[in-house]
Amino acid sequence: MAKERFVETYSQGVTNIRKIVVDTETGVNYLLLSSNMTSGCGVTVLVDKDGKPIVTPISSDI
């Protein structure tokens, strides 16, 4: 089976949903926000205090 490209590492909420998704090829973290997952959502790169993307080290655990 092929490795998943994006993996959900955090989830919060039922109607106001917040998820953190990690790209398993680059390690870049994304924030997904939605008020109900049927009327649209927003996605953005998570950045640190210097404005650089937050990168999770890639391992076989992700």
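Here is a short walk through this structure, from the whole chain down to a single residue. Please keep in mind that the model is predicted.

Let us start with the overall view. The protein chain contains four strands and zero helices, and its elements follow one another from the N terminus as β-β-β-β. Of its 62 residues, 18% count as buried. The protein chain exposes about 4,600 Å², and carbon and sulfur atoms supply 56% of that area. As for charge, you will find 6 positive and 7 negative side chains, with the centres of the two sets lying 5 Å apart. Contacts along the chain are worth a glance too: among those between residues at least 6 apart in sequence, 24% join residues at least 24 apart.

Now turn to the sheet. In general, strands of a sheet pair through backbone hydrogen bonds, in either a parallel or an antiparallel way. Here the four strands form an open sheet in the order E1-E2-E3-E4, and the pairing is antiparallel. Its edges are strand E1, covering residues 6-12, and strand E4, covering residues 42-45; each of them pairs on one side only. On average, and with direction ignored, neighbouring strands of this sheet are turned by 25 degrees against each other.

One pairing deserves a look of its own. Strand E3, made of residues 29-34, joins E4 in the antiparallel sense over four bridges. Within this part of the model, Leu31 stands opposite Thr44 in E4.

Is Ser34 buried or exposed? With a relative accessibility of 7%, Ser34 counts as buried, because the value falls under the 20% cut-off. To see what surrounds this residue, set aside its neighbours within four places in sequence: Ser34 is then in contact with Thr15, Asn16, Ile17, Gly40 and Cys41. For a sense of distance, compare the position of Ala2, which is 32 residues from Ser34 along the chain. The C-alpha atoms of Ser34 and Ala2 are separated by 28 Å.

Notes. Residues are numbered from 1 along each chain as its sequence is written. This is a predicted model: local features need pLDDT of at least 70, side-chain atom pairs count only at pLDDT 80 or more; totals for chains, interfaces and linings use all residues. Side-chain values use heavy atoms; hydrogens and water are left out. Two strands pair if DSSP finds at least two bridges between them. Helices (H or I, at least four residues) and strands (E, at least two) are DSSP runs, numbered from the N terminus. Axes are lines fitted to C-alpha atoms, for helices over the stretch in contact, and angles run from 0 to 180 degrees between N-to-C directions. Buried means under 20% relative accessible area, exposed over 50%, partly exposed in between (1.4 Å probe, protein chains only). Contact means heavy atoms within 4.5 Å. Accessible areas come from the Shrake-Rupley method with a 1.4 Å probe; for residues, only the protein chains shown count as cover. Lys and Arg count as positive and Asp and Glu as negative; His and the chain ends are not counted. The place of a charge is taken as NZ of Lys, CZ of Arg, CG of Asp or CD of Glu.
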